[in-house]
Amino acid sequence: MLKNLTFFFIFLWINLCLTAVYANSITYSIKVNIDPQNKILQGKAEITPQHSLSIDISGLEKVKLNGRPVQQTASALLQLAAGQKHLIQYQYPLNSYSAYSDNENVVLSGSWYPQINQLAHYQLTVTLPTGFQAISEANKIESRAIDAQHIEYHFNFPHVLDHLSLSASKNYQSKFIDYQGIRIETWFMPANAHLMDQYLQHSADYLKLYQELLGAYPYQRFAIVESPLPSGHSMPTYTLLGSRVIALPFILKTSLGHEILHQWFGNSVYVDRQHGNWCEGLTNYLADYYYAEQQGQGKEYRKGMLRQYAAYANSENTFPVRKFTSRTDKISSVIGYSKVAMIFHQLRQHYGNDNFLHALQKFITANQFRKASWHDLQKQFEAINGQPMYDDFQAWLTRADIAGIAISQAAELEMAQGKLWLKFSLQQSRPYHLHLPLTLNFENNKQQTIIVHFTRAQQDFRIELSEAPVSAYLDPDYHLMRELNSMEKVPDLAWLMGRKSILLVVDEDEQDLYQTLVKNLGIKNIDTINPSALSFEQISSHSLIIAGDNNSLLDKLFAKQAQRKIDTDVELQVRRNPYNEDEVIASVTAKDIKQAKLVARKLSHYGKYSHLQFTDGKIQFKQTVNADNGIRLFEKIPTRAVKPSKTQSLDNIVANLNDRRILLIGEQHDRFEHHLNQLQIIKKLKEAGYQVAVGMEMFQQPYQQALDDYLTGKTTESEFLTQSKYFDKWAYDYNLYKPIIDYALKQKLPVLALNIEGNITRQVARKGLYSLDEKQQQQTPDAMNFSDWSYREDLKSVFQAHEGMLHSQAMNFNYFLQSQVLWDESMAQAAAQFLQQHPQHILVILAGNGHLRYRYGIPQRLQRLSGLSPLVIVQDDELGDTIADYVLLTTPLKGQLTPVMGIYPDKKATDKVIIDGVKDASVAARAGLKKGDIISKLDNKPLKSFTDLKLSLLYADTSKKVSIKIKRGDSILDKYLDFSPSAAKGHDDNYHHTDTPHSYTR
């Protein structure tokens, strides 16, 4: 009994509310006579306002008010007095998109009658030539023949409306079904009549879905009406779809449901546009997004919305959600549809699915047939748990930005008080109140998601864990409306189209061809430039479209990539700009202007793709590149259990080489055991019968002849080291590499100098590639690939780790990146050329681990150039699954290095050895050497250069004191260097000190 009384009072309250709404509304009668052949509409509008009323007559002609002609004014507003009946007669030309007619069709959706800015009970009567069938907002349509030439339609709609529309045609074929008392109708042209049954059934399915989610369908009728115009609109009781749209296969699966959902949102609960349009984003969320979610693609759809926002939104064009009224361009679309949809998703995540739907049901019940605002939605969500949401709604609706999350302190694991903790710090420049998902990934595919409340500009987090994760990501499933970080962004066509300005890089004779394509992308400012005139400043500060297939600039950025083997007339590929995280670079080729025109209008519909290929105007290939999901907070190599009895020996590596012609063996440059492993593998390959050549990072290409002369017996070791400028070009002791060179000499193995001239890489690191003169450029590779973003991010971490030292050398990251790519590409090119010229040889390449790990340094570049897949080995590095084919774990090995005096030579001196500094407590300090001393002899060998000094130390007998002759001022002094351990005892003498450390090399 109590339950029934409660229901009665709720029902009474709803009816009282609706009575109040209707009591404040007015009745508005409109009668029109349409002449489609002459494209003219004659109308009479009768209205009796309860209060003084302004009525808009924009676009209307020959207007009379109560029988008197109206003088048209700039404001186009008529003021109607309250309490009296007013008759407005007018004429309206049917010659626009919103008021279209031809001999067989009429479509009216704009200001074809005097407009009032409030809800009204409309009574619409339309007279048309006989043979026309008409549809408008109505639960019931009545018609009668006026005479042999004309038919009159009356549209019965019992509720208030905020606008009127009309569609009529002589060609309609119709069909209907009854679904639970709702009449579902189709009004299609003959060409699409075969689709009516599918539309009827899908409509019934959508009505069933939304009645279960939201409550009863608000009307007695729903019609799908075909239009000759390329439209897709929903009005109360019907939707209008263009003839071409109806036949598209995805319309039934997405757009039809979207338009039906509008019957609840927008067409029965009207939008208070003065305070912002909530309707489009909510409909997008419960239709297009919801269908994707049901197919298991919700995450991808959410990330897609964030990608769209990232592509088109910037600080100059964004605006608050509250100011969105309708979609007019890309930025209004991503705000009103995508951003608003994500706001509703955050509500659903926070409250749960059932409470979310319950709030929407209450919102519909409370606001049906009235205008509702964001405030009305807020009230219903607050009512769920009685907590105010003013701050959240204010932030979401009134701020033009979105949440930006940055890691201010890297995450780390810590044991404390016998417990395991994950510690990290986050920041956001203007704080939102975020319920931030933190997903922890463990071994064996276990996963845990924790919601952390992130509310301040800078916030420290300390989370207790039961076990150590292998990785942690923030919001990997994209439940928040937030900025994407650089590793999450996908270089796609939308990113390009969203730029405010771009540079079109194209030869002058091809400008007309490519401007045909580019102008259809909708980019406001496009400047055209010849490739030869392009500067590095322009590359690093813009998004570019590089046009034509003979553009050498592309090779310098992305090398020559393997092409898909299909007949392609137009191809477009978007990549990240390696020098600017906010920009992209697109390459485009077109066979001729005919093919360019066939594709031009289609391009903008492929915004989510990175790579497109068209043949004869038809898409043949479309691809979106991969990117990170979520903000990578923490990642470590899982603990690995290595069973000694199952590990492989160096013999196994040789046995598993199969047909590979390239073996890359990494090293930490100063470890004897790494070089011994390299030598052992080289020996085993030689003993297995392979023709072995050795490529070495330690020698530079211009000095190949010095290597060749020594290995063929033409020079001595000291001459070889002098002529190869080993001591000037490489910082590490020759004793580390001597056993390998000695073996190559004995076995007559070719040794290849891989490295580019060091002066070039140093100049590029300071001033960039574009600073090289023509002679220097001839020593650089023709093609270089900057497209690997993981490689770039790895180098960025190296750069940041050595930021102080590198910045002290006036380096910036883009130049550092160029120098490292140049370094790797040069070594790969030298190796590829050797392999091509020596097809019978297997090439063993010796280089630092950093050039090999994860294959993105030398290995994949060499594979691109040679077509051969290398076998990659690193030594004593992390045991990442993809770091290399093998990781060698070795026992440290002691070795004797060249003795170190502990001096800093004056590098400017060219014909003498001048001491620029003496290290405290070093051999030189104990011998009494001082800054400014000139060393003329060491161990009775004359010295004229730093190389002479290094050679003398290399061959010196340090078991006894070594003589040294110096000039100090006008005096010649004889000193002795004591390298014995007893002499060094008690002193801080770094025996392994190198005078020119390269601590940032790889």
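The largest cavity in this predicted model holds about 70 Å³ of space. A cavity here is a set of points on a 1 Å grid over the protein atoms alone where a 1.4 Å probe fits but cannot get out, and its volume is the space filled by probe spheres set on the points. The count comes to 3 cavities of 30 Å³ or more.

What lines the largest cavity? Its lining (residues with an atom within 4 Å of a point) is made of Arg307, Ala310, Ala311, Leu484, Lys489, Val490, Asp492 and Trp495. By class, that gives 5 nonpolar, no polar and 3 charged residues. Helix H6 (residues 298-312) gives the most, with 3 residues; helices (H or I, at least four residues) and strands (E, at least two) are DSSP runs numbered from the N terminus.

Now for the strands. Two of them pair if DSSP finds at least two bridges between them. An open sheet of 8 strands runs in the order E5-E4-E7-E2-E1-E11-E14-E13, with mixed pairing. Its edges are strands E5 (68-69) and E13 (140-145), each pairing on one side only.

| Strands | Residues | Bridges |
|---|---|---|
| E11 and E14 | 120-129 and 150-156 | 6 bridges |
| E25 and E26 | 434-441 and 447-454 | 8 bridges |

Thr125 stands opposite His154 in E14, while Pro437 has Ile451 in E26 as its bridge partner. The hairpin of E25 and E26 has 5 residues between the strands, and Asn444 takes a positive phi near 65° there.

Residues are numbered from 1 along each chain as its sequence is written. In this predicted model, local features need pLDDT of at least 70, side-chain atom pairs count only at pLDDT 80 or more, and totals for chains, interfaces and linings use all residues, while side-chain values use heavy atoms, leaving out hydrogens and water.

Technical notes
On a 1 Å grid over the protein atoms alone, a cavity is a set of points where a 1.4 Å probe fits but cannot get out, and a pocket is an open set with protein on both sides within 12 Å along at least five of seven lines; lining residues have an atom within 4 Å of a point. Ala, Val, Leu, Ile, Met, Phe, Trp, Tyr, Cys and Pro count as nonpolar, Asp, Glu, Lys and Arg as charged, and the others, Gly among them, as polar.
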